[in-house]
Amino acid sequence: MGYVLSNEGINKAFEALRKEYRIFAPVLKVGEGRFKDTDVIRYDFVDSYDEVEMDKRSDFSYKDIVTPLSESMFFFTEDQIREANFDASPVIVLMRACDINAVERLDQIFLANGEHNDYYYERRREVIKFALIGCGKTCEDGFCVDMGSNKAEDYVFSLDPKDGKVYVNVKEDDLDAAFADNSESSADVVPQFVTENEVHVERPEEVPLTLFKDEMWDEYSKRCINCGRCNFVCPTCSCFTIQDLFFTDNGKVGERRRVNASCMVDGYTDVAGGLVQRRSNGERMRFKVLHKVYDFRKIFGYDMCVGCGRCDTVCPEYISFSNCINKLNARVKELEG
Ligand code: SF4
Ligand code: SF4
């Protein structure tokens, strides 16, 4: 069902939803950016529609709600283990089409990638519903159209602000009353999706093996400072590492955590015996880029990157991921002659 709501109406609808759900949404954090006097858009729990940043793409993704930066898994003593609690109350996450497509990638990795589902991901995922924020215009650095991630159907309701009203398309019957009871009128509502980005990418169909040692990656050894920011903002990066914290000197009482990891930072490929699989930043860039726009597709049939553009925007060295994809494509064509 489709509805048109005033600003007061949509805030009342949020009030009604909050009786059952927590709402996790992009919020403009004034003055909380990395540099002095800069703002940042991060996800946070909100009480009202007015708190939500509806206009611009968030700098950080929704990902913290499904794969927290640091998550306690269990506590242990010498002879006991107790699973860590987590807040299992239902959540609605407001997100754009690219991010809804990104959830599909995380589901693939954690829930459809082998015999066993990832328990910690699954228990969080089960209490989450996704709502769509319509995109009327492209965001900075985004290339979702070329990645085929500019549209999404898998949402419980959509929100499109226009001319002082909010247009809502509700797909889940249980949520209908919250909007119907506070609407000005019913309408046929079709969410807005971006159909044209300023940035375009072309991906190679196949990549020759010689590309793995190619000189094109040397540029990134010089420029990249392996800070890992590109990974931490990415809505599809899923790597984590395990850390044990010991509460006692004998190491027999403590807590096990899983913590987000980054394939760009030191330590990620260290193995027993002191071997480092990818030492240079160029090699790390090669791994990341091919994983996002080639290797994942070879396994699952579609690319991992959704073209949200966050990694381009956040890189302190102005390394553009979309440029890198295009350079990769050009180099593959060159090698093919
Ligand atoms: S954000 Fe930029 S500098 Fe930092 S690891 Fe990624 S590509 Fe390298
Ligand atoms: S690789 Fe960059 S553009 Fe692609 S999904 Fe991740 S953050 Fe977005």
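Predicted model: local features only at pLDDT ≥ 70, side-chain atom pairs only at ≥ 80, totals over all residues.

Residues are numbered from 1 along each chain as its sequence is written, chains are lettered from A and ligands numbered from 1 in the order written, and side-chain values use heavy atoms, with hydrogens and water left out.

**Ligand 2.** I looked up which residues are near it (a heavy atom within 4 Å). Phe143, Cys234, Pro235, Lys292, Cys305, Val306, Gly307, Cys308, Gly309, Cys311 and Phe321 surround ligand 2. I sorted that shell into eight nonpolar, two polar and one charged residues, with Cys counted as nonpolar and Gly as polar.

**Salt bridges.** I searched the whole structure for them (a Lys or Arg side-chain nitrogen within 4 Å of an Asp or Glu carboxyl oxygen) and got 28.

Lys165 pairs with Glu184 at 3.1 Å, N to O. Lys165 sits in strand β9 and Glu184 in the loop between α5 and β10, so the bridge ties together parts 19 residues apart in sequence; helices (H or I, at least four residues) and strands (E, at least two) are DSSP runs, numbered from the N terminus.

Arg331 meets Asp214 at 2.9 Å, N to O. Are these two buried or exposed? Both Arg331 and Asp214 are buried (under 20% relative accessible area; exposed is over 50%, partly exposed in between, 1.4 Å probe, protein chains only).
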